Amino acid sequence: MLILLSDAFDASLPDRLAPFGEVTDDKARRGDANVVLIRSKTRVDREYLDAAPNLELVIRGGVGLDNVDVDYAKEKGVRVHNTAAASSVAVAELTVAMLLAMPNHVVRGHNGMVEGQWLKKELKRTELFKKTLGIIGCGRIGREVAKRCAAFGMRVVAFDPMPIDDPTIEQLDTVDALYAAADYITINTPLVDSTRGMIDAAAIAKMKDGVFLANTGRGQVVVEADVAQALGDGKIAGFATDVWYSDPPEDSPLIGAPNTLLLPHLGASTNENLLRIGDIIVELVGEHVKESR
Ligand code: NAD
């Protein structure tokens, strides 16, 4: 059994996987690999799968499977798993950090100090207390964000096609109702046909003036040029994003737009989460080895 670590994982993982077979991080050996472990960087598309004839199992350490051609893998008899439950707390904490940092001017205040400016009069903060948070996509991560924001005294509303069933969250029937109600919006959907480009100029026009948005879902859920325009004319007071059209972004209009908080896809990257992801991977590889005996 050859196990290929194609992206970055916790340093303990190779040793933990060694009892199941040979472990390598040499990507040139994908043609021989039986198991490939990826995060968001490696794209397991048609071409990748065709070049890996021995592949039996792909494990995506993390949640989003938009970098894997799941249907083609199935057609080829390759099993695909993610580690869905591991990352929720890590991503939720980063989302809350963004929701706190924007209205508190953490980045501007800090940059001012470094540049020798005392922006005490210029920077007026806004509280989360008694404001409405709108969660678009209220699954595992969205519900963890809800819990934390409820503790700050926020009213939490959400739009999700699936039932939410959580007494701290008011589920709204339409996303338009969320746009009308929310002072802060967090995007926690996967990238699927119904979410691709959903935050465009028309959606932004339905939001409150001065809304704050945080995106830890997927970059392509927003139309970056429309968000940059709304930041420029003040319709959006702040936009924080951890996710991009590509990692790293090329030519994004958000870089250089005002009132942004831009992060390099750090949502899942806590030390604790990398260990949790490792635990699930060891379990999945162990089960796979047992089944293939
Ligand atoms: P989840 O499947 O538990 O929740 C996603 C929710 O989105 C589901 O409840 C689903 O019904 C809902 N949804 C689907 N289409 C929708 C639509 N059109 N409008 C509103 N809601 C819709 O997944 P999760 O674990 O909460 O993760 C959510 C997403 O977060 C992942 O798919 C991934 O893209 C992203 N993510 C990002 C990072 C990061 O590093 N920033 C890490 C992990 C996950």
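In which loop does P248 lie? Select P248 and you will find it in the loop between β11 (236–241) and β12 (260–262), where strands are DSSP runs of E with at least two residues, helices are runs of H or I with at least four, and both are numbered from the N terminus. The peptide bond leading from D247 into P248 is cis, with omega near -10 degrees.

Before going on, note that this is a predicted model, in which local features need pLDDT of at least 70 and side-chain atom pairs count only at pLDDT 80 or more, while totals for chains, interfaces and linings use all residues. Residues are numbered from 1 along each chain as its sequence is written, and side-chain values use heavy atoms, with hydrogens and water left out.

Next, select α4 (residues 88–101) together with α6 (residues 140–151), whose axes come within 8 Å and cross at roughly 50 degrees; axes are lines fitted to C-alpha atoms, for helices over the stretch in contact, and angles run from 0 to 180 degrees between N-to-C directions. The contact (heavy atoms within 4.5 Å) involves, among others, V89, V96 and L99 of α4 and I141, V145 and R148 of α6.

Follow the chain beyond α4 to H105, in the loop between α4 and α5 (106–114), where phi is near 55 degrees, a positive value in a residue other than glycine.

Finally, display the ligand, which 24 residues surround (a heavy atom within 4 Å), the closest being R140, I141, D160, T216 and D242.
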